[in-house]
Amino acid sequence: MCNGERNCCVLRSGSKTSSSMKLFLSMVPLILVAVVGIVSILSPKERGEIVDLRSQAVQFEMNSSHIAFNHSSSTPFPVHPIHTLQQSNETEVLNISKPWLNSTVPLNETYVAHPRLKQQRKFSILDRTEAGLLHARAAIREASYSTQTQDPDYVPIGPMYWNAKAFHRSYLEMEKQFKVFVYEEGEPPVFHNGPCKSIYSMEGNFIHAIELNDQFRTRDPQKAHVYFLPFSVVMLVRFVYLRDSRDFGPIRKTVTDYINVIAGKYPYWNRSLGADHFMLACHDWGPETSFSVPYLHKNSIRVLCNANTSERFNPAKDVSFPEINLQTGSINGFLGGLSASKRPILAFFAGGLHGHIRAILLEHWENNKDQDMMIQKYLPKGVSYYEMLRKSKFCLCPSGYEVASPRIVEAIYTGCVPVLISDHYVPPFSDVLNWKSFSVEISVEDIPKLKDILMRISPTQYIRMQRRVVQIRRHFEVHSPPKRFDVFHMILHSVWLRRLNFRVHDDQ
């Protein structure tokens with residue numbers, strides 16, 4: 001029976017047009033993939049839909065050379081879209097058999113494909129994967145103008161996020177479809193292994209977490225969005241590098257050989273020239289290790305603690321993640337501190353001379369008699385470092401020999417507002433987090449004016465910043481097994497966000 005006259009009319013007329021309807025339905029998959037394909041045939045201006053969670057809305061601005069984050073309150077990071085990655089003569093060590101996008105190899109002139117055969121081509125798993133990414137981009141863009149999505153665990157909100165609603169939608173889209181393939185080649189201790197109880201603990205923690213993960217890890221490489229290279233730079237330094245030799249050759253050869261193995265066994269490295277592959281390193285030599293293979297540092301997503309733009313860290317494609325010193329392998333006992341109104345110390349730092357920035361800091365403040373500024377090389381016997389963090393308003397986080405410092409996370413764990421003192425450093429998860437809302441950034445030149453700068457922050461403003469530190473702490477916490485929105489998931493989200501911003505073509 002019909003539920004209404006209008007529905008009955010539709011059913012009757014449908015018998016006359018059933019063949020047309022069937023034809024239309026059969027064309028739906030073609031239409032879907034055609035929409036994905038538009039990315040590669042539109043003009044550069046039209047295809048510049050870079051997902052940017054640092055703005056008030058997902059931005060689409062682009063000129064012929066680059067896309068830029070246009071946000072008045074932050075340093076603009078140019079984002080260069082990956083169009084065609086040309087092969088380089090530098091990569092003679094690699095067996096690169098396919099260019100990534102527009103092939104320059106001419107077709108066999110004796111063969112002319114029939115137009116109907118082209119239309120009837122079966123769409124690959126990669127086509128469907130790219131269609132899913134296109135859908136995710138649209139959902140993230142629309143989230144900026146819709147109501148906040150509810151979540152049983154956590155709803156991002158507040159000025160700590162560049163765009164809380166877009167971030168939340170992006171995170172949920174990641175949970176729905178993001179897949180990572182971990183290459184199984186390689187043997188411990190250099191591969192599939194890493195430290196979990198040291199200043200470089202995030203290398204081992206991430207490797208173990210992703211290899212044990214059932215939600216994001218896929219065993220089918222055809223269904224993966226990205227491919228993880230599971231080597232540990234810490235282990236390369238420990239087991240491959242000859243101590244005090246100053247010879248980086250053995251590390252370079254190990255990484256190069258590994259890329260050659262996976263490029264020869266699988267088609268995925270050659271298909272994208274490494275653009276959908278990522279490495280992760282917290283050791284200071286992470287960037288140097290990536291230079292072993294030109295496409296690894298030029299094209300691949302490098303997840304680095306040492307996120308130094310003066311050493312070719314590129315925020316457009318690389319990921320900054322936090323250096324976390326897990327002395328016991330766990331965060332138990334390290335979280336929490338006094339409330340904002342009960343912290344008696346204005347600024348605190350204790351640490352040795354590592355790099356020129358700390359030397360300048362200690363030169364100006366170590367021997368001062370100001371009880372508000374507790375800055376010294378070493379703490380007196382019996383004084384707890386973490387107790388000092390817990391009762392300080394601001395915790396100084398100067399760079400050492402490299403830009404990253406575990407002191408940033410130590411401050412966040414104890415509810416102390418971090419003061420970043422560095423040059424050329426990109427703080428972790430800057431695509432999502434507005435660091436200016438919960439931290440203080442001070443240039444090296446302003447170290448002599450440190451107290452004046454901190455004193456100009458009103459009590460009300462400080463309390464707001466301190467509460468924001470406590471709220472975003474979940475994004476830096478390490479859990480085993482991982483919990484939603486923790487540091488493991490934030491690293492994955494940063495990789496997911498970069499994967500959204502380019503398309504891989506199957507050059508078949």
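C282 and C305 form a disulfide, with 2.0 Å between their sulfur atoms. The model is predicted.

Colleague: Which hand does the disulfide of C282 and C305 have?

Modeller: Take the torsion about the S-S bond. For C282 and C305 it is about -85 degrees, so the disulfide is left-handed.

Colleague: How many residues apart in sequence are the parts that C282 and C305 tie together?

Modeller: C282 sits in the loop between β5 and α10 (286-290). C305 sits in the loop between β6 (301-304) and β7. The pair therefore ties together parts whose separation in sequence is 23 residues.

Colleague: Are C282 and C305 buried or exposed?

Modeller: Buried means under 20% relative accessible area. Both C282 and C305 are buried.

Colleague: How many disulfides does a search of the whole structure find?

Modeller: C282 and C305 form a disulfide. C395 and C416 form a disulfide too, with sulfur atoms 2.1 Å apart. Over the whole structure, the search finds two.

Colleague: How many residues apart in sequence are the parts tied together by C395 and C416?

Modeller: C395 belongs to strand β10 (residues 392-398). C416 is in the loop between α14 (407-413) and β11 (417-421). The pair therefore ties together parts that lie apart in sequence by 21 residues.

Colleague: Why does C395 count as buried?

Modeller: The cut-off for buried is under 20% relative accessible area. C395 counts as buried because its relative accessibility is 1%.

Colleague: How far from C397 is the nearest cysteine sulfur?

Modeller: C397 counts as buried, at 4% relative accessibility. A disulfide needs cysteine sulfur atoms within 2.5 Å. C397 is in no disulfide; the nearest cysteine sulfur belongs to C395, at 6.7 Å.

Colleague: Which residue in β5 does F228 stand opposite?

Modeller: Strand β4 (residues 226-228) pairs with strand β5 (residues 277-281) in the parallel sense, over two bridges. In β5, the residue opposite F228 is F278.

Methods:
Residues are numbered from 1 along each chain as its sequence is written. This is a predicted model: local features need pLDDT of at least 70, side-chain atom pairs count only at pLDDT 80 or more; totals for chains, interfaces and linings use all residues. Side-chain values use heavy atoms; hydrogens and water are left out. Two strands pair if DSSP finds at least two bridges between them. Helices (H or I, at least four residues) and strands (E, at least two) are DSSP runs, numbered from the N terminus. Buried means under 20% relative accessible area, exposed over 50%, partly exposed in between (1.4 Å probe, protein chains only).
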